[in-house]
Structure formats: structure tokens, C-alpha cells
Amino acid sequence: MRIVQLKLNRGLRAAVVESTDQLRVIELEGGTYGLVQIALTEGLPLTEVIFRYLGHELVDYKQAIDRLQLLPPVTHPDAAHCLVTGTGLTHLGSADTRDTMHAKLTQGGDSLSDSMKMFKLGLEGGKPGADQIGAQPEWFYKGDGDIVIAPEQALPVPGFAEDAGEEPELVGLYVNDGHGVPHRIGFAIGNEFSDHITEKANYLWLAHSKLRPCSFGPELLIGDLPPHLEGESRIVRNGEVIWRKPFLTGESNMAHSIANLEHHHFKYEGFCRPGDLHVHFFGTSTLSFADGIRTQPDDRFEIELPAFGRALRNPLAFAPENSPRPLQVRML
């Protein structure tokens, strides 16, 4: 089952994707998060709760897009209780671009960059056996729910940014129950969106490069994730595709298992606060930046995985460059 969220006149509603053209509204206030809370409280599968509230109203999918009614497929009513994070160097081949960016930091012909060392740890121990803990992945923080941009809406580029590059990724969506136990709702397509020039200058600036908006959706896949997924990432400029590249994801194409990445996120007590929503990006191996692409205002990112329905699309909106004067913090 795949669902979306819509902004209707009567408020937030989730809807089941019945076809490429049609959505069926789920008549419950609070959208996906409201459905999840009922499922957790009653100990029911999410799909069973969805069928309980499934209504008769049908919405034209394309009209919902044209009217900018689409929202991220799950949101928290309080954005401060949504944590957006991710892991890198998780996919087979993902280290190549990063190693090229960071190779200048190595010393000696046989030494490995820190990126390659991290990737090697994942290859050797990222898929542990049952009841075992695997290698710890790279982890980063992006922000809270306020940085999440709805599908079809513009990704804002801050005035201090050096770059505005896409990162096509799988996203895991989770809600903690009343005891703080994380529950996976499902998966979505994501555009993790980073500043690769800032990261390339010094890998210790990775944290700065990730503090950017992001987007995921439009559809949330409920159920098991296929082990092998093939998609395409594109950049459209003035109606023309200026760059496109296939990408692979799913556990068969990853150095880490999903379970291992989940363990190393939720092992921290601070991430198990009851009621919180977690949006976790699982990494990529495909970047237009690696092919020398520099994005421009009004370029549109399109990330497509057929198993997830419609493509995730977001245009770019660049803010004016910042004044060279430093920001002034006021004294109380």
C-alpha cells in the first residue's frame, strides 16, 4: 500500500494511492500521524486502521499536484518533535565520489582517506548476523520538521550556500510509541539535498553541508522494502533534461543492512522520546555534482523509483547572497 498526505479545505488528510491518477481520501483528522497513533494505541497494523477510515471521496492526483495540495506523506503536528537525520557511505559505490573529494587529505600512496576507511568498515561489518551488532555507520543531523519541504514545492538555497546539489535516497519513517519504542511506518523517496562544495573543502564541514532543507515523498510505501530497487535521478532546466543518471538502492545494493542503520540511530536514548517522528535518510551513490553539474535557479530535481509511484519533484529557489557583514547576536 502507498499513501500520500493532502491539504484539503477541511484540514489535513491522508489518502490511498489507488492508481497513477486517483487518490482515495482517508477520513481521519491528523493525517498519517493520526492513523499511526491509533495503530500504536490499539496494537493494530497500520493498514487495518487505514481501511477502517477509508472514505468514498476520490481526488484527482494531477489536480492535487497542480493545486499544490501535496504534503510530505507523514508530518508531526509539532515540527520540533520531528528529527531529520541520515547516514552516509552506506551504498556500494558510494565511497568513490567521496574519496575523490577527500583524497587530497591522504598522506602516502597506500593510505586511505577517512571516507574509504569508514566505507571499508561497512563492507566488512555492516550486515551482521542475527542478534549481532554491526559496524557503526557515518551519521549526520539535518534539522527538525521545519526543514522538510513538500513535494512539488521549491527547495530554498540559503544565501551563504556554495552549492545546491541533490542526493537521491531511500528514507525510513518512524514514530516512537508511548514507551519510546521506535516503530517503522514505511519508506519513501527522498532528496537529501546538500552543499557539496562546502563538504569538499574539508570533510569536517560535512555537518555544515547537511544543514539544508530536504524533501521526501510524495508517496509512503507501507510494507516490506524490495531488496533491489532501480531508479533515475534527473535535473530539468528550462523544460529540458540537462542531466540524468540511474541509481540503485535497497539492501542488495548497500554495505549496511537497514536493521543495522536503525540500531545505530535508535540506540541513543535521546532519539527514543515518546511520540517523536524520525525522518532518516539512508544514503546514496549518485550525485550530479560528481559529474560537474552546477545547479541554477528554477532547476528542477526529479527522483524516481517506480516501486514508490510518482517521482519526487522540487524546483530550486536561490536566496540573495548574504552581505559580507557578520550576523550580530543581541544581548538581553
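Reader: By class, how many nonpolar residues does the lining of the second largest pocket have?

Author: In this predicted model, about 200 Å³ of space lies in the second largest pocket. Its lining is made of 16 residues, and those nearest the centre are Pro72, Thr75, Gly145, Asp146 and Val148. Sorted by class, the lining has three polar residues, two charged ones and, as the number asked for, 11 nonpolar residues.

Reader: Which elements give two or more residues to the lining of the second largest pocket?

Author: The pocket is lined by 16 residues, Val148 being one of those nearest its centre. Two or more residues of the lining come from each of these elements: β8 (148-149) and β16 (277-281).

Reader: Which element gives the most to the lining of the largest pocket?

Author: The largest pocket has a volume of about 270 Å³. It is lined by 16 residues, and Leu44, Leu46, His183, Arg184 and Ile185 are the closest to its centre. The elements that give two or more residues to this lining are α1 (31-42) and β11. With five residues, the element that gives the most is β11.

Reader: How many charged residues does the lining of the largest pocket have?

Author: Arg184 is among the residues closest to the centre of this pocket, and Arg counts as charged. By class, the lining has 10 nonpolar residues, four polar residues and, in answer to the question, two charged residues.

Reader: Why is strand β11 described as largely enclosed by the rest of the structure?

Author: Strand β11 covers residues 182-191. A residue counts as buried when its relative accessible area is under 20%. The strand is largely enclosed because, of its 10 residues, the number buried is seven.

Reader: In which sense do β10 and β11 pair, and over how many bridges?

Author: The two strands form a hairpin, with five residues between them. In the turn, Gly180 has a positive phi of about 85°. Strand β10 spans residues 168-176, and its pairing with β11 is antiparallel, over nine bridges.

Reader: Which residue of β12 is the bridge partner of Asn191?

Author: Asn191 of β11 stands opposite Pro168. β11 also pairs with strand β12 (residues 214-216), in the antiparallel sense and over two bridges. In β12, the bridge partner of Asn191 is Ser215.

Reader: With which side chain does the side chain of Thr198 make a polar contact?

Author: Thr198 has its place in helix α6 (residues 196-201). This residue is buried, with a relative accessible area of 14%. At 3.0 Å, the side chain of Thr198 makes a polar contact with the side chain of Asp195.

Reader: What separates the C-alpha atoms of Thr198 and His208?

Author: When residues up to four places away in sequence are not counted, Thr198 touches Glu162, Trp205, His208 and Ser209. Thr198 and His208 are 10 residues apart along the chain, and the separation of their C-alpha atoms is 7.5 Å.

Reader: Which residue is joined to His264 by a polar contact of side chains?

Author: His264 has its place in helix α8 (residues 258-266). At 8% relative accessibility, this residue counts as buried. Leaving aside neighbours within four places in sequence, His264 is in contact with Ile133, Gly134, Ala135, Gln136 and Pro137. The polar contact, of 3.0 Å, joins its side chain to that of Lys267.

Reader: Is the peptide bond from Gly217 to Pro218 cis or trans?

Author: Pro218 has its place in the loop between β12 and β13 (220-221). The bond from Gly217 to Pro218 has omega near 0°, and the bond is cis.

Reader: What is phi of Glu152?

Author: Glu152 has its place in the loop between β8 and β9 (155-157). With a relative accessible area of 18%, Glu152 is buried. Its phi is positive although the residue is other than glycine, and the value is near 75°.

How values were computed. Residues numbered from 1 in each chain as written. Predicted model: local features only at pLDDT ≥ 70, side-chain atom pairs only at ≥ 80, totals over all residues. Heavy atoms only, no water. Helix = DSSP H or I, 4+ residues; strand = E, 2+ residues; numbered from the N terminus. Buried < 20%, exposed > 50% of the residue type's maximum accessible area, 1.4 Å probe, protein only. Contact = heavy atoms within 4.5 Å. Polar contact = N/O pair within 3.5 Å; in protein donor to acceptor, adjacent residues only side chain to side chain. Pairing = 2+ DSSP bridges. 1 Å grid on protein atoms, 1.4 Å probe; cavity = no way out; pocket = protein on both sides within 12 Å on 5 of 7 lines; lining within 4 Å. Points joined across faces, edges and corners; volume = space filled by probe spheres on them.
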